[in-house]
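I opened a new notebook page for this chain. Below are my entries, in the order I looked things up.

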Amino acid sequence: MNLPSLMEFFASRWRGEVPLPVLFWRDMLVVGSLINLTASFATLMLIAQGASPSAALLVHFAPLPYNLFLYAAVWRLPQHTSRVKWIGTIWFLAVVFF
């Protein structure tokens, strides 16, 4: 993915041009969760290998800016519902603290 298409990826989500099912179900719940699971697995591998706690924390929290972006983008969508907001909030808290 080149830089202009990556920038368009983020811009289209921020401007609310992506349909709610795509942003919420695919981008946030599926892709975002997979990214967080990968980071958590890498964190556990670092700890098992004896890496410093600061390195492990850095890897664990590396997806945080992307998570925050997705969470804010879902809230900015005009067609979001209170159910989507609650599920998004629970998802965000879960990926940050677990």
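**Entry 1: the cavity.** For the lining I needed a rule first: a lining residue has an atom within 4 Å of a cavity point, and a cavity is a set of points where a 1.4 Å probe fits but cannot get out. I kept in mind that the model is predicted. I then searched for cavities of 30 Å³ or more and found one. The volume of the largest cavity is about 30 Å³.

Which residues line the largest cavity? I listed Asn36, His60, Phe61, Pro63, Leu64, Asn67, Val95 and Val96. Next I sorted this lining by type: five residues are nonpolar, three are polar and none is charged. I also checked which helices contribute. Both α4 (64–76) and α5 (82–97) supply at least two lining residues each.

**Entry 2: the fold.** I counted five helices and zero strands in the chain. Read from the N terminus, the order is α-α-α-α-α. I noted the span of the C-alpha trace along its principal axes as about 45 × 35 × 15 Å.

**Entry 3: salt bridges.** How many salt bridges does the structure hold? I found four.

Are arginine 13 and aspartate 27 buried or exposed? I found both of them buried. Buried here means under 20% relative accessible area.

I then turned to arginine 15. Its salt bridge with glutamate 8 has closest N and O atoms 3.0 Å apart. Arginine 15 also forms a salt bridge with glutamate 17, where the corresponding distance is 2.8 Å. I therefore wrote down Glu8, Arg15 and Glu17 as linked in a network of salt bridges.

Glutamate 8 is partly exposed, at a relative accessible area of 40%. Arginine 15 is also partly exposed, with 47% relative accessibility.

**Entry 4: the surface.** I finished with the whole chain. It has 98 residues, and 32% of them count as buried. The accessible surface comes to about 6,300 Å². Carbon and sulfur atoms hold 76% of that surface.

Methods
Residues are numbered from 1 along each chain as its sequence is written. This is a predicted model: local features need pLDDT of at least 70, side-chain atom pairs count only at pLDDT 80 or more; totals for chains, interfaces and linings use all residues. Side-chain values use heavy atoms; hydrogens and water are left out. On a 1 Å grid over the protein atoms alone, a cavity is a set of points where a 1.4 Å probe fits but cannot get out, and a pocket is an open set with protein on both sides within 12 Å along at least five of seven lines; lining residues have an atom within 4 Å of a point. Grid points are joined across faces, edges and corners, and a volume is the space filled by probe spheres set on the points. Helices (H or I, at least four residues) and strands (E, at least two) are DSSP runs, numbered from the N terminus. Ala, Val, Leu, Ile, Met, Phe, Trp, Tyr, Cys and Pro count as nonpolar, Asp, Glu, Lys and Arg as charged, and the others, Gly among them, as polar. A salt bridge is a side-chain nitrogen of Lys or Arg within 4 Å of a carboxyl oxygen of Asp or Glu. Buried means under 20% relative accessible area, exposed over 50%, partly exposed in between (1.4 Å probe, protein chains only). Accessible areas come from the Shrake-Rupley method with a 1.4 Å probe; for residues, only the protein chains shown count as cover.
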